[in-house]
Amino acid sequence: MATAPSVQRPRFNPSPCDVRPFHHDVPSLRNSDSDHLHFRFQSLVSCPADAPLELFETAVSQLIHHPEYNSTLILRSETISDSDTTIPSSVPRLEGYCPVRNVHRKLLPRRPGRDSGLEQHCTLYALGNRLPYYHPTVSHLVFRFIPSNITTTSNSASTQPALRIEVVPHPGTPTDPNSRLYRTALALLDTLHRYLWGALTHYQKRVQHDVLIPRDVYQDVYLKMRERHKGIVNTWRESTDPLKHVFEDIGIATFLMLFWKDMFATSADLAAVKELDDSQWTSWPRPSGGFLDLGCGNGLLTHILSAEGYSGYGIDLRARTSWAHYPDSSQAALKVHALDPTQLLSPGSSNDEEISLWEPGVFLIGNHADELTPWLPVLAILTGASGYLSIPCCAWMFDERFTRSESLDAAVSSEVEDEAGFISSLSLGAEGTHKSQYSAYRIWLARLSRWLGWKIECDTLRIPSTRNWAIVGRERLPGDQSVFVDRARRIVEDVVRRGAFKTRTPEGKGHDGAS
C-alpha cells in the first residue's frame, strides 16, 4: 500500500533581532497612549514562520494550555476562564491591535513545596479593529446608484442606470471574483436589485412572520433555548434528519413558552424577557391544565417543554426509539394512546388514564397531527381546553382525506361576510389563494375554527420547515357559547353516524403500561 510522503518540518533558523532581523522595518510593539501602563516591548529573537497566519492561534493555544511541554518544572496549566467577549481591563492595550480573546490560567508547579502557583492572563490580539465573521473585511462599503446621464463608457448597457457596490477593503483582503469579499458583494447587489424591483412593482409580503410574538423577543429566547438543547443533535436516535427536527421543535417550544406567557399573564409584558437568564421562564405563566401534544411522534417537543418545567403529556400510537433515551420525567410524560374523538359524547367511555390527560384548562398542540388536525378546535371546545395550536401538514377532514372538490358541509359553512378579507387575514403565503390543495385546506380549517367560536389568529413560525403556518385558538368569540358547543357535538354525531372514522390500534408498550 502506497503511503503519503511525510512532510518534514523546515529547519528551525532563529537569530537575535538586533543581529539579523527578518523584518527590520517592523517596529516592536508598544502600548497605546490611552493605556494607563507605559512600556515598550523589546524584540529578542526571530525565525521564519513557515506557516500561514490562520494557524498562529492554534499554535499559541498549545503553548497556553500546555506549558509543561516547555518546562519540566511546571506540572500543568488549569484554565480558569476562556472568553472572546470578556477582556479584563488590566491587560495591555497595544497600539494598532485589538484584544480578541483572553485565557485566564493558573500554572501549577511540579514541586509545590518549593515553587508556588501563578495565575496569568494570556491575551490574543488581532490587527486593527476585529470584525465579526459575518461582516465583510472592509472599513467602508457604498451602495451606489449611477444614473444613465452620468455614464461615460460607450457600451450600450451604459444607456441604462446601474447599481454598483464600492468598498474600502482592509489591507491584504482579496477582491478577485473567487474571493469571499466579492461573493458577499455579489449577494448584496442581488438583494438590492430585488428590493429595488419590489419597490417599482409595489411588492407586498404575503407571508407575515412575528404576528403573535415580537421577533426580537422570540429570537432572544430561541438562542438560549438552542444552546440548552442543541446537544440532542449528537444523540439523535431516529432515522430522520436531526438538524431539521431538533431545531424545529426547539423553535415551536420557544414560541409556545412566549405565547403562553402572553396568553395567561395578568398583563402583557413580553419586553421583560430582554435581560433573560436561564431560569427566568420557570415562573412564566402557563396553562393551568398543562399541555397535551396530540400525535407527538418522536416526543421531542414534549421532552423540551417538560425539561423546561412545563407539565403535560404527549400521546401517540406507538413509542419511538427516542422515548427510552429521554430523562425519566420526559418518559413519564409520553404515553402510547389511541385517541378516539367519536367517544367524547359517550358517557363512561373514558378510563381514569384518559381522563387524566384532559385536565380542565389543558392546552392542545397539534404539530403535523394528520388525522387529528381538524379535531383540534372540536376537542378544545368539548373538553374545556384553554386553547390550541395547530401546525397542519397532511390534509384531513374528520373521517376522510380532504379534497379541493369537497364543498363545505352546511354545518361548517363560513359566516364571514368579507370572504376576500378573511382569506387575506390568514397570511397563507405566496400561494395564498384557492388554487393549491394546501391553501384550500388551511382556509377550510380557519372557517371551521371560526364556526366553532374561536377567534382566528395565524402566524408563520420561524422554524426550518415548509409547513410552518400555524393557527391558534385562545379567545372565544362573543355570543351564546352553548351554540358553539352544540355545533361541535353535531360534528361528532355526524361522524359517528357515517361510521367511517377508524381509530388505529396502538402499537407496542407505552411507558405507562398501556398497549
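1. Setting aside neighbours within four places in sequence, Val362 is in contact with Gly289, Gly290, Phe291, Leu292, Leu357, Ala385, Ser386 and Gly387; contact here means heavy atoms within 4.5 Å. Val362 sits in the loop between helix H7 (352-357) and strand S11 (363-367). Helices (H or I, at least four residues) and strands (E, at least two) are DSSP runs, numbered from the N terminus. With a relative accessible area of 0%, Val362 is buried. For that term the cut-offs are under 20% relative accessible area for buried, over 50% for exposed, and partly exposed in between (1.4 Å probe, protein chains only). Ser386, one of the contact partners, is 24 residues away along the chain, with 5.7 Å between its C-alpha and that of Val362.

2. Some housekeeping before going on. This is a predicted model, where local features need pLDDT of at least 70 and side-chain atom pairs count only at pLDDT 80 or more, while totals for chains, interfaces and linings use all residues. Residues are numbered from 1 along each chain as its sequence is written, and side-chain values use heavy atoms, with hydrogens and water left out.

3. Now the overall picture. The protein chain has 11 helices and 14 strands. It runs to 515 residues, 38% of which count as buried. Take the contacts between residues at least 6 apart in sequence: 65% of them join residues at least 24 apart.

4. Have a look at how H4 and H5 pack. Helix H4 (residues 242-264) and helix H5 (residues 300-307) meet at an angle of about 50°, their axes 9 Å apart. Axes are lines fitted to C-alpha atoms, for helices over the stretch in contact, and angles run from 0 to 180 degrees between N-to-C directions. The pair is therefore oblique: under 35 degrees would count as roughly parallel, over 145 as roughly antiparallel, 65 to 115 as roughly perpendicular, and the rest is oblique. On the H4 side, His245, Val246, Asp249, Ile250, Ile252, Ala253, Leu256, Met257 and Trp260 meet Leu300, Leu301, Ile304 and Leu305 of H5. These residues split into 11 nonpolar, one polar and one charged, with Ala, Val, Leu, Ile, Met, Phe, Trp, Tyr, Cys and Pro taken as nonpolar, Asp, Glu, Lys and Arg as charged, and the others, Gly among them, as polar.

5. Helix H10 (residues 437-451) has 15 residues and spans 21 Å from first C-alpha to last, close to the 21 Å expected at 1.5 Å a residue; that expectation is 1.5 Å times one less than the number of residues. Since 13 of its 15 residues are buried, H10 is largely enclosed by the rest of the structure. Just after H10, Gly453 has a positive phi of about 95°.

6. Asp50, not a glycine, has a positive phi of about 60° and lies in the loop between strand S2 (45-46) and helix H1 (56-65). Its relative accessibility is 53%, so Asp50 counts as exposed. Asp210 has a positive phi near 60°, in the loop between helix H2 (180-200) and helix H3 (215-229). At 24% relative accessibility, Asp210 counts as partly exposed.

7. Lastly, Ile80 belongs to strand S3 (residues 74-83) and, at 44% relative accessibility, counts as partly exposed. Beyond neighbours within four places, Ile80 is in contact with His104, Arg105, Lys106 and Glu119. Ile80 and Glu119 are 39 residues apart in sequence and 9.0 Å apart C-alpha to C-alpha.
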